[in-house]
Amino acid sequence: MKVDTLIVGQGLAGSLLAWELISRGQRVLAVDRDEPVTSSKIAAGIVTPITGQRLVPTWRLDEFWRYAIAAYRRVEIETGEWLFHPVPIARLLAGGTEKQRWQRRLAENGGKHPRGALPLTIDESIFRAGDGGFEMPGAGWLDVPRFLEATRQRLLMRSGWVAAEFDADELEVMPGGVRWRGVAAERVIFCQGWEGNRNRFFDWVPFRNAKGHILDLLCPGAAMETRIVNRAGWLLPLGEGRFRAGATYEWQFEPENATLATVAGCLEVESKLTNLLRVPWTVVGQQAAVRPVIRESRALIGLHPAPDLWGRVGFFNGLGSKGVLNGPFFARQFASHLVEDTPIEEAVDLRRNF
Ligand SMILES: Cc1cc2nc3c(=O)[nH]c(=O)nc-3n(C[C@H](O)[C@H](O)[C@H](O)COP(=O)(O)OP(=O)(O)OC[C@H]3O[C@@H](n4cnc5c(N)ncnc54)[C@H](O)[C@@H]3O)c2cc1C
């Protein structure tokens, strides 16, 4: 079999890259070990415009948002699946410092809400909103598992998907291309998520991964709320009183327990919920997986920095906790670099960052 690009790992990164390459006329083969639980398979998929303790717009928000929306819409049209749900976020302030910081931001802005934020109305008998808050309209969530499945089906239709464990030691790299088992390709791109430095080509890339827990809930008392509600933790409505809630950031974890949901992790999410909700809920499911973090939540893309040896081997990783927003932009940039030889910007270029 001969393809243009072999993609190792069909999570969010591998899927986004596959769509971009296919749209450039490339033949791709995605190799994925088809695990039941991965970061992409359990992600809430939320895009949060104003984030972090400083309550500032996320990095290059407008640019990435525009591109992400267009990219997901294109996939929706091609697959007939509804994938991206634009939903505002009701951001409740968590008291003390956060409230002061927000008041300072309003004062700096002549008493007006900063760009993109609106005054908040919320039912205080359901939510703990005593310290105020604001609403973010330019937000939403991607149904990531559905996006992955729609992508897999599209790849299967083109004989472009195979379930297998890809062992980098089985890869032959030659000046004109690569070979893996019976497959010859122009290049191979590793999109392995948090295990991205567990192969001989990229074992020098420093990861700082974060395990995260997420819960499935029933909360009939909040069933009328259609916005995502965030106060240190977040609550994502799925309809009919069903919600997802999260998430934890655990920087120390046993790699062999990467997808094990622990009591401590679940209790941490529940304690976030206690600070958010006044009405009772029932936990009906829990999951955990590891976010691939390299430098904050900035992607890292490019071909191997040893071009003479491994110039046919590439890397797309580091989506962190903002993959849904940032991923489409950098998938396009990388695909265009691979096919049309356009440059990769310095901030995300594997070759210029280590
Ligand atoms: C609890 C939680 C909540 C999150 N919420 C959000 C959110 O709200 N918004 C957001 O933007 N992001 C969120 N994220 C982060 C998001 O999940 C990641 O940014 C993104 O999914 C990473 O995608 P990836 O493709 O790089 O990695 P992965 O999803 O890990 O995909 C890697 C794929 O490669 C496969 N693979 C690895 N090695 C091999 C091999 N040797 N052979 C074959 N296949 C292999 C794996 O099986 C997997 O399918 C969340 C993550 C977690 C854990």
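Helices (H or I, at least four residues) and strands (E, at least two) are DSSP runs, numbered from the N terminus. This is a predicted model, in which local features need pLDDT of at least 70, side-chain atom pairs count only at pLDDT 80 or more, and totals for chains, interfaces and linings use all residues. Residues are numbered from 1 along each chain as its sequence is written, and side-chain values use heavy atoms, with hydrogens and water left out.

**Residue T58**

T58 sits in the loop that joins β5 (56-57) to α3 (61-79). Its relative accessibility is 6%, so T58 counts as buried (buried is under 20% relative accessible area, exposed over 50%, partly exposed in between; 1.4 Å probe, protein chains only). Leaving aside residues up to four places away in sequence, T58 touches T48, P49, T51, K322 and L325 (contact means heavy atoms within 4.5 Å). With K322 there is also a polar contact, side chain to side chain, at 3.4 Å. A polar contact is a pair of N or O atoms within 3.5 Å; within protein, one must be able to donate a hydrogen and the other to accept it, and residues adjacent in sequence count only if both atoms are side-chain atoms.

**The ligand site**

The shell around the ligand holds 32 residues (near means a heavy atom within 4 Å). D32, E35, S40, I46 and G320 are the closest.

| Residue | Protein atom | Distance |
|---|---|---|
| D32 | side-chain N or O | 2.7 Å |
| S39 | side-chain N or O | 2.8 Å |
| S321 | polar backbone atom | 3.3 Å |

On its own the ligand has 1000 Å² of accessible area, and the protein covers 97% of that. Such areas come from the Shrake-Rupley method with a 1.4 Å probe; for residues, only the protein chains shown count as cover.

Which elements each supply at least two shell residues? They are α1 (12-23), β2 (28-32), α2 (39-42), β19 (282-291) and α8 (323-340). Helix α2 gives the most, with 3 residues. Domain 1 (2-48 + 144-206 + 295-353) and domain 2 (89-137 + 210-291) each provide at least three residues of the shell; these bounds come from an automatic or database domain assignment.

By class, the shell has 14 nonpolar, 12 polar and 6 charged residues. Ala, Val, Leu, Ile, Met, Phe, Trp, Tyr, Cys and Pro count as nonpolar, Asp, Glu, Lys and Arg as charged, and the others, Gly among them, as polar.

**Residue V263**

V263 belongs to helix α6 (residues 263-274). V263 counts as exposed because its relative accessibility is 63%. W251 is 12 residues away along the chain, and the two C-alpha atoms are 17 Å apart.
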